[in-house]
Amino acid sequence: MANASYLRTEDAPLLPPPVSDTGIAGWMRRHVLSTMNDFSSPGAGIRSVLMGLLTLLLLYYGLSALWGIIDFAFIKAVWSDPEGLKRGVCTTAEQGGVATGEVGACWPYVQAKVKLFIYGRYPESELWRPNLIFALLAAGLGWIIIDKAPGRRFIALLMLSVFPLAALILLTGGHAGLSRTGMVIMAVSGVVLTLAGHLGLRGVLGEILLAFGGGVRLLGLLFLIIAAVMFFMSIDYGLEKVPTDFWGGLLVTLVVALTGIVASLPLGIVLALGRRSSLPLFRVLSITFIEFWRGVPLISVLFMSSVMLPLFLPEGTDFDKLLRALIGVALFSSAYMAENIRGGLQAIPKGQYEGASALGLSYNQSMRMIILPQALKIVIPGIVNTFISLFKDTTLVLIIGLFDLLGMVQSSFTDPSWATPVTSATGYLVCAVTFWVFCFSMSRYSVHLEKKLHTGHKR
Amino acid sequence: MKFKKVLLGLAVVACTASAQAATTLETIKEKGYLQCGVSQGLPGFSNPDDKGNWTGLDVDYCRALAAAIFGDAEKVRFTPLSAKERFTALSSGEIDVLSRNTTWSMTRDTQLGLNFVGVTYYDGQGMMVPKSLGATSAKELDGAKICVNTGTTTELNITDYFKTHNMGFELVAFEKSDEVIAAYGAGRCDVYTTDRSGVAAERLKLANPDDHMVLPEIISKEPLGPVVRQGDDQWFNIGRWVYYALLNAEEFGITSANVDEMANSENPEIKRFLGKDDSKFGEGIGLGNDWAYNIVKLVGNYGEIYDRNVGPDTPLKLERGVNALWTEGGIQYAPPVR
Amino acid sequence: MQEDTVRQQSIINKLLYNSTWRGWLFQALVLLGLLGFFSWIIYNTVSNLQRLDKKSGFDFLSQRAGFEILDSPGVRLMDYAPGVSTYLDVFWVGAINTITVAILGIIAATLLGFLIGVMRLSRNRIFSAVATVYVEIFRNIPLLLQLFFWYFFALRAVPELRERWSLFGGLGGINKSGLYLPAPVFEQGFGYVALAFVLGVAGCWLYARFATARQFATGRRPPTLPVYLLLLIGIPLVVFLVQGSPLSWELPVFKEDGPILRRGYQADAGMVLKPEFIGLWLALSLYTASFIAEIVRAGILAVPHGQTEASQALGLSGGMAQRLIIIPQALRVIVPPLTSQFLNLTKNSSLAVAIAYPDIVSVFAGTALNQIGQEIEMIFMMMMLYLILSLLTSLFMNWFNARIRLVER
């Protein structure tokens with residue numbers, strides 16, 4: 001081989017990518033300018049120019065909105081109230097205060113009211129109780145959310161069984177004056193029914209129980225659970241009793257939303273199965289129920305459950321208000337839940353139903369062991385989304401005189417010692433940011449779940 | 001299967017929930033507290049303070065009622081109600097007494113199945129306008145845009161007033177008083193109207209209270225008072241006499257500070273009032289004989305309540321005016337305890 | 001004797017083990033339970049009403065209502081006047097207002113939602129970033145808060161009651177009392193124009209069918225656009241001119257002098273959109289649009305990429321591929337959840353009462369209920385209205401869904 005000097009003997013050095021392709025300029029070129037640099041035809045040219053103008057407009061309005069919020073929340077804000085002037089610190093001289101210039105957010109007001117926003121009027125000395133519940137909730141949910149944490153199933157079970165009871169006892173203080181006889185009757189009939197169902201299934205107690213043993217046993221277990229809850233609720237733990245009237249703020253928001261979602265799950269499953277049932281009455285009832293609740297606004301449901309319920313019940317019946325709101329919310333969301341679950345049920349291929357029948361499983365068995373586990377897994381993101389809307393809808397419980405976060409914030413506006421022109425804007429800002437943080441993180445989690453659950457279809 | 005379960009559950013609830021019909025007083029004593037309907041926040045009358053405790057004139061009436069029944073002014077729970085829900089809540093039994101700056105009118109007294117126990121605050125409807133409007137009288141308001149609270153007598157009065165004086169107007173009716181004043185503050189309306197006490201209270205929420213003035217006209221009578229359900233005379237009497245007790249205490253000069261001294265007074269009227277002789281006025285209406293003593297001791301007399309909630313030393317700065325006792329030129333007058 | 005027992009046993013056996021019989025047994029039990037439950041409720045209600053000595057029945061509907069209602073579509077259509085109109089009129093005023101804001105909200109939310117949904121998929125990162133931020137902010141904050149924000153934001157942004165921003169060269173204008181626009185006044189003979197237009201629409205539909213049939217037969221689509229234009233605009237225009245222009249515009253009147261309260265826009269001239277309506281409409285549309293955007297995005301992403309490639313291989317232009325291939329397939333995924341959003345928007349309009357828009361909840365279940373006090377009848381009427389609206393929306397969307405559904409074997 002001739003040693004020709006024009007032949008390269010080594011690789012050319014690697015050059016850095018052209019400047020126009022890297023850094024901010026490159027990013028702009030690739031992701032922004034590429035949509036507006038086509039001038040090959042008059043039509044394309046006009047489109048490019050329009051795109052450019054629109055982009056600039058969007059940027060301008062986006063940034064000025066952002067600046068408006070920063071300006072209000074930080075730059076012009078009043079941060080502290082060292083002299084305890086209350087309304088004076090956030091008002092200008094001509095409004096009767098000491099601030100100079102335009103006033104932004106009034107943070108001392110939030111400081112003064114923050115306990116009210118979180119716990120409502122929960123007694124100061126007992127605040128450790130809601131705090132403990134919040135901590136347990138955060139720990140439990142955190143555990144379940146982390147994909148690789150050990151014993152997730154166990155923790156989830158605890159969160160669905162022990163946690164609600166513990167929360168109920170801690171928040172109310174237990175020692176509820178429940179009727180002893182009622183409890184005993186519940187417990188005894190629970191034991192009897194469970195035993196009868198159990199023995200009946202073995203054919204000891206005749207034909208009828210052989211056929212209905214499963215149902216009877218289930219009923220017995222339900223009675224036993226109710227009796228147990230009643231028992232635990234009536235024990236005196238030495239905790240001060242805190243009536244639900246004293247709950248408020250974020251605490252009520254969380255209680256309503258969480259209870260609503262947990263209670264609506266079983267009801268939703270029943271309704272979804274009912275809607276797909278082969279028995280016409282069940283189908284008609286389920287459809288009527290679902291479409292009724294989906295068709296009326298939540299505020300009318302809450303109005304009914306708060307002020308009209310006593311008209312429908314025997315004279316003198318007294319129900320806790322929070323409980324009423326919970327029932328209203330649970331019924332309302334169960335209709336949405338049912339539609340979610342129906343979607344899941346429809347997504348299960350027919351072969352699964354047929355396979356279950358071919359194995360000789362009964363309707364109950366095939367639902368419990370084959371269909372529901374698959375269907376529920378598919379609908380988890382949908383459930384999270386229902387939960388998000390429920391969480392936002394808790395703002396409506398104000399209508400029935402319960403003070404959730406927004407209610408607490410609004411009621412704090414009526415305090416004359418903090419009445420300033422910026423009070424309401426500050427309060428609403430706090431409220432909006434809190435709701436946003438909760439809902440946004442939940443929606444992120446739902447997206448994450450969706451991705452995770454779709455592994456089977458990835459190519 | 002599941003449906004059967006649900007139904008059985010309902011049946012259980014139904015059985016445990018049935019209760020015997022009882023008088024309002026018995027029911028209250030049994031549950032251990034009084035349920036009182038108040039506003040969702042009207043400074044001076046019923047609004048939660050920094051700690052979230054309810055304060056105000058209407059609230060104190062309920063505390064006095066609780067003091068008379070239980071000898072404990074804290075055995076009362078408050079249900080905040082919007083103007084449009086209040087009567088439904090009372091007639092459905094949701095609350096025992098409605099003490100929510102409610103105007104006594106014939107329709108309400110006779111057609112809704114309710115009874116007004118008295119007038120705890122004599123008010124009239126007032127109007128506030130921006131000074132820049134240059135109006136000095138309500139008669140100059142032809143063509144005004146008016147912000148008002150929905151479901152109130154105010155809403156009806158203003159319609160009548162403008163119709164009577166043949167003036168045109170536009171009515172913007174909000175559900176909550178917060179939004180009414182906020183909309184007025186934002187310039188949506190020329191006129192803000194509600195009871196005069198309310199005007200004084202809500203004015204504090206404006207950016208520049210001094211830029212606004214209250215017009216001299218009082219366009220309606222607004223006797224505000226607590227309401228109970230019709231059909232339970234005993235409860236009606238209790239509600240009525242608790243209010244009279246507040247007035248009588250002020251007339252006798254009994255305050256929460258000196259009530260223990262006064263209990264030893266030789267004045268037979270005072271002794272009778274405080275239940276220190278053997279006349280059994282308390283038992284006559286189903287209460288303890290120290291009912292009036294408890295009211296004054298735990299809540300105070302009418303004057304004290306007025307001064308601490310709406311009086312000249314509060315941000316509302318309302319003079320007693322017609323709400324002074326009859327002995328001092330007002331029209332608050334209570335029948336004697338005899 | 002023995003036969004009897006056997007027969008009896010077989011009935012019991014059937015009831016227990018035959019799935020049909022067993023099903024009927026269960027249904028009968030449930031029906032009995034339900035009947036019992038409802039009769040219990042009705043009994044309670046009746047006895048409670050008697051005890052409270054309350055009136056019942058629907059007589060109140062013919063009573064006259066004495067309160068003023070804010071100027072709104074319902075008030076205009078029903079010619080509502082306090083002291084003259086009845087409570088039934090109040091119901092219709094509220095109902096019309098609810099329906100108006102729901103329909104306009106649905107239209108705006110759908111348009112905006114589609115726009116934002118497509119923007120989220122744009123190659124332009126600034127577009128997609130803005131769209132993402134929009135969606136994440138608006139769907140994660142309670143509607144009630146947004147309602148307050150838009151209402152008071154809109155109020156503070158526009159000029160005072162006696163000032164204005166002119167729009168369209170003074171034909172319209174905006175200030176704190178509302179957005180004022182010229183109102184069309186239909187004179188005699190306009191009916192013919194409307195008729196011509198309706199006939200034109202029908203003609204277009206027929207012609208479109210004809211064109212498609214031609215296309216199938218000959219492979220070439222006859223020109224459609226000129227024909228459409230002629231039918232929809234040309235002929236009605238000719239009729240309009242022949243009838244002597246039977247349409248005039250009533251301009252809003254803005255007075256700058258006179259007593260201060262009489263200045264500004266006059267209440268009885270032109271068409272007005274009140275701030276309460278605008279606030280509610282904005283909040284409902286913006287909130288619902290964020291959900292619709294997500295639905296649209298998911299729908300478009302659900303169409304496999306192969307479809308785009310195949311349409312390119314067939315030589316379809318970008319627009320045609322979108323119109324003929326992608327959108328029809330995406331719509332199948334989009335329409336069912338879209339229906340729920342429409343229903344949600346309609347129901348959410350019940351929050352109107354917070355910002356003084358006179359919808360059904362505000363005027364009928366609010367102001368009127370306070371005068372009459374017959375909760376059961378009035379809440380029942382209100383719920384029925386919402387149920388009927390939901391039902392109609394569902395029926396329409398189901399019909400639409402059936403039309404675009406994938407036709408399988």
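The dialogue below treats chain shape, helices, strands and an interface in turn.

A: The model is a predicted one. Let us begin with whole chains and proceed to their elements.

Q: How is the overall shape of chain C judged from its radius of gyration?

A: One compares the radius of gyration with the value that the globule rule gives for a chain of that length. Chain C is built from 13 helices and 8 strands. Its radius of gyration is 29 Å, well over the 22 Å that the rule gives for 409 residues, so chain C is more spread out than a compact globule. The C-alpha trace of chain C spans about 100 × 70 × 50 Å along its principal axes.

Q: Into which domains is chain C divided?

A: The assignment gives domain 1 (2–52) and domain 2 (73–140 + 283–404). The centres of domain 1 and domain 2 of chain C, taken over C-alpha atoms, are separated by 42 Å.

Q: How is a helix such as H13(C) read, and which of its residues are buried?

A: An α-helix has 3.6 residues a turn, so residues three or four places apart point the same way. Helix H13 of chain C covers residues 375–404, and its 43 Å from first to last C-alpha is close to the 44 Å expected. Its buried residues include Glu375(C), Met378(C), Met382(C), Leu385(C) and Leu389(C).

Q: What covers the buried residues of H13(C)?

A: The cover includes helices from three chains: H9 (280–295) and H10 (298–312) of chain A, H4 (86–91) of chain B, and H4 (87–120), H11 (318–348) and H12 (360–372) of chain C.

Q: How are the strands of chain C read, and which way do the residues of E2(C) point?

A: In a regular strand the side chains alternate between the two faces of the sheet. In strand E2 (residues 172–175) of chain C, Gly172(C) and Ile174(C) point one way and Gly173(C) and Asn175(C) the other, and all are buried. E2(C) runs antiparallel to strand E1 (residues 165–167), joined by 3 bridges, and Gly173(C) is the bridge partner of Ser166(C). The hairpin of E1(C) and E2(C) has 4 residues between the strands, and Phe168(C) there takes a positive phi near 50°. E2(C) also pairs in the antiparallel sense with strand E3 (residues 178–181) over 3 bridges; here Gly173(C) stands opposite Tyr180(C). The hairpin from E2(C) to E3(C) passes through 2 residues.

Q: How many residues of chain A and chain C are in contact?

A: The size of an interface is often given as the accessible area lost when the parts come together. Counted by residues instead, 41 of chain A are in contact with 38 of chain C. On the side of chain A that touches chain C, H15(A) gives the most, with 8 residues. The residues of that side divide into 28 nonpolar, 9 polar and 4 charged.

How values were computed. Residues numbered from 1 in each chain as written. Chains lettered and ligands numbered in written order. Predicted model: local features only at pLDDT ≥ 70, side-chain atom pairs only at ≥ 80, totals over all residues. Expected span 1.5 Å × (residues − 1). Buried ≥ 20, exposed ≤ 12 C-beta atoms within 10 Å, placed from the backbone. Contact = placed C-beta atoms within 7 Å. Nonpolar A, V, L, I, M, F, W, Y, C, P; charged D, E, K, R; others polar. Pairing = 2+ DSSP bridges. Domains from an automatic or database assignment. Rg over C-alpha atoms; globule rule 2.2 N^0.38 Å.
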